[in-house]
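Me: I'm new to this one and would like to know how its strands and helices get their labels. Could you walk me through it?

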Amino acid sequence: MKPYRRKFNLIAAMPDVTMRVVTPERWYESFQEINFEPESDIHCEEIACPIRFSGYGSRFYYRRGITQHFKIFQPDIIHLEEEAWSINALQTVRLKRKYSTDSKFIFRTSLSIPSKQRFGPLPVWIEKRVFRETDIAFPLSENAGKILKQRGYHGEQIPFPNGVDISLFQKQDMPQLKKSLKIADSFVIGYVGRLIQMKGIDTLIEAAAMLNFPFKLLIVGSGEDKPFYKELAAKHRITENIVWIDAVPPEEVPNYINCMDTLVLPSRTTPDWVEFFGRVLIEGMACEVPVIGSDSGEIPHVIGDAGLIFPEGDIPTLAERIKQIASDPTLYQNLQKLGLVRVQNFTWETIAQRTYEVYQQLLSS
């Protein structure tokens with residue numbers, strides 16, 4: 001996806017870097033199929049290859065086209081943006097051992113629950129094999145790093161968060177889109193993401209039903225639980241207050257965020273899932289939209305002092321947080337400013353520079 005490939009393009013712009021990025025031709029995510037589209041002005045070479053099991057991060061693997069990049073290109077560093085237990089990770093380390101034995105190896109993990117994805121002996125076996133080949137791991141957070149140790153990885157690790165493309169996610173006026181959505185004259189509460197139970201959209205809908213001022217709720221995304229949420233909205237008699245937009249391509253997401261007056265991520269922890277980052281929060285900050293998040297997983301660490309937090313599932317407190325932002329212009333402006341400062345920790349420029357420095361250290365060690 002274009003907004004999330006910028007990191008490697010920025011690294012490739014460094015004067016002493018030659019980079020190839022291998023990516024799936026097609027990927028199914030957030031209930032939409034995303035086809036690879038090459039960029040015209042890039043510093044790295046991007047190669048799209050066919051895969052099996054699109055949309056399954058732990059199962060997919062490349063059907064053909066990647067062996068030459070180990071055998072002929074002979075990279076100094078292999079940087080895998082997949083989990084260590086995945087089939088793609090196994091495929092990568094096998095090709096490394098066969099064709100690129102001197103290459104340094106990095107994998108990235110977004111672990112959030114210690115037992116996640118341990119469904120049998122195969123993932124455990126793959127993970128151990130990948131750990132043995134790893135020079136540095138890039139966990140998404142400090143908590144992910146702790147879980148990585150619990151799973152048996154005792155090598156070097158450096159936390160690297162998700163990033164945001166500030167050339168795409170930035171404040172802009174969207175009068176025509178607001179008009180077409182019929183939200184131009186309302187206070188707009190927004191949500192962007194999958195419409196599934198763990199994302200807590202029911203908490204948001206019920207909190208919105210408690211508000212005593214005019215509002216619109218803009219929900220952007222698709223998912224299996226959408227009919228349930230529509231029924232819930234009808235039960236609370238706020239159907240007319242909600243605008244539903246199916247999942248849009250990543251590069252269109254900033255348009256909808258810029259229609260919002262506040263963006264809410266109401267995620268709710270389940271026995272086998274917790275919010276491991278919450279990328280949409282930093283996307284909202286970059287667009288100068290005040291954010292509200294539950295205290296599920298990494299959300300409070302991502303928001304810091306640049307937004308408001310509520311206990312997950314706490315409907316009255318979420319309603320109060322929304323009222324605070326809607327009724328207090330000073331708070332609104334302060335959160336905009338704090339968000340812009342906070343998001344600098346998560347720009348692809350910042351993350352690319354840090355990644356490049358790690359590459360240099362790895363090759364000089």
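This is a predicted model: local features need pLDDT of at least 70, side-chain atom pairs count only at pLDDT 80 or more; totals for chains, interfaces and linings use all residues.

Me: What makes β11 and β12 a pair?

Reply: Two strands count as paired if DSSP finds at least two bridges between them. Strand β11 (residues 187-192) and strand β12 (residues 215-220) have six bridges, in the parallel sense, so by that rule they pair. One of the contacts along the way is Val188, whose bridge partner in β12 is Lys216.

Me: And how do you know that β9 and β10 pair?

Reply: The cut-off is at least two bridges. Strand β9 (residues 136-139) and β10 are joined by two bridges, again parallel, so they qualify. Ala137 sits opposite Gln157 in β10.

Me: Why are β7 and β10 called edge strands?

Reply: The open sheet runs β7-β8-β9-β10. β7 (77-80) and β10 (156-157) each have a single partner strand, so one side of each has no neighbour in the sheet.

Me: Which helices pack on that sheet?

Reply: Helix α3 (residues 87-99) touches β7 and β8 (104-109), and its direction makes about 170° with that of β7. Helix α14 (residues 348-364) touches β7, β8 and β9, at about 140° to β7.

Me: What is the strand order in the six-stranded sheet?

Reply: That open, parallel sheet goes β13-β12-β11-β14-β15-β16. Its edges are β13 (242-245) and β16 (307-310), each pairing on one side only. Neighbouring strands there are turned by 20° against each other on average, direction ignored.

Notes:
Residues are numbered from 1 along each chain as its sequence is written. Side-chain values use heavy atoms; hydrogens and water are left out. Helices (H or I, at least four residues) and strands (E, at least two) are DSSP runs, numbered from the N terminus. Axes are lines fitted to C-alpha atoms, for helices over the stretch in contact, and angles run from 0 to 180 degrees between N-to-C directions. Contact means heavy atoms within 4.5 Å.
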